[in-house]
Structure formats: C-alpha cells, structure tokens
Amino acid sequence: MKDLHRSVLAIVAAMMTGAATGQSANVQRCEGKDGRVTYSNTQCPEGTVPVRKVNTDPPVSVEAKKAAQELANKDAAAAKQIEKEKAQQDARDRKQQEERARAEAKAKEKCDRALRDLERAKTTRAELGGRGASVEKLQKADLAIGRHEADVAKECAR
C-alpha cells in the first residue's frame, strides 16, 4: 500500500510538472520480478525493469481537434492557391519571354534585310559608275542608297 501511495504521488508530481511546463513528462511503468508495479519519471527503481512508457499527455478536446483540422484545411487551401498563382505567373513570364524572343528575331531579320538591300544598292551604284551610266541613273542609285541607309539606321539602331 505504501508503494502504491508513493507511485501515485510520483505520477501526480510528474503530471503536474508536465502541465506546469507545457511539456509531457517522460513517465514509465516499472515492474519487479515479484509483480510489483511502480511508475517513475526517472530511472526505474533498483530491482525493477521498464515495461512501457506511460502517456501523460492531456486528452485533446473534440473542439480543439476540430479547430486544428479546420486551420490545417485553410492552410492547405491557401498553399494550393499560392502554388496555382505561382504557376500562372510562371506561365505569363514564359509567354512574355517567348514574345520578346520572337520580337527580337523579327527585328534582327529586318536589320539583316536592310543591310542586304543597302549592300545591293551600293553594288548597283558601283556597277553603274563603272559602265558610264547617265547622270539620271546615278542620281536614282544614290537616292536608293540614301533610302537604304535610312532603313539600316532605323532597323539596326535597336
């Protein structure tokens, strides 16, 4: 009886310590060879062996469990929404990058075309000058070169 009283006091003290600190106490059931049972929040007394840990956590109320589940569901929904928004933003960013790349490719193509046209106009002017073409044809070729140089300045300045 005295041992039982001491065991109960040890359990109560352990539970109060756990409740006061907000942590569960590490209580274990100890049994002796003669069948005596004691509980300890330290090592088992001499002549006994630890049998199992005792759960000293206070029970969770149904309301607290329900509130925790609702909070977890809200958090999961918020995380899912954030992931969805991130995926949408990533898709928008990829689309903008693709559009920029297409615009840059188109601008490069226009610049290359303007450079080719200018080179062709210069070649034509050189050929006309070598053949002794009329002043009117030479002026027309010079005007074409001027237009193509303006196109190159416009298309390749980017």
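Reply: From the N terminus on, the elements of the protein chain run α-β-β-β-α-α, where helices (H or I, at least four residues) and strands (E, at least two) are DSSP runs numbered from the N terminus. This is a predicted model, in which local features need pLDDT of at least 70 and side-chain atom pairs count only at pLDDT 80 or more, while totals for chains, interfaces and linings use all residues. Residues are numbered from 1 along each chain as its sequence is written, and side-chain values use heavy atoms, with hydrogens and water left out.

The part to look at is helix 3, which covers residues 135-156. Helix 3 has 22 residues and reaches 31 Å from its first C-alpha to its last, close to the 32 Å expected at 1.5 Å a residue, the expected span being 1.5 Å times one less than the number of residues.

The buried residues of helix 3 (under 20% relative accessible area, with exposed over 50% and partly exposed in between, for a 1.4 Å probe and protein chains only) are Leu138, Ala141, Ala144, Ile145, His148, Val152 and Glu155. They cover an arc of only 120° around the axis, which puts them on the same side of helix 3; the arc is that of the directions from the helix axis to the C-beta atoms. These buried residues pack against helix 2 (62-131), a contact meaning heavy atoms within 4.5 Å. On the other side of helix 3, Val135, Glu136, Lys140, Leu143, Arg147 and Lys154 are exposed.

As for the setting, buried residues make up 17% of the 158 residues in the protein chain.
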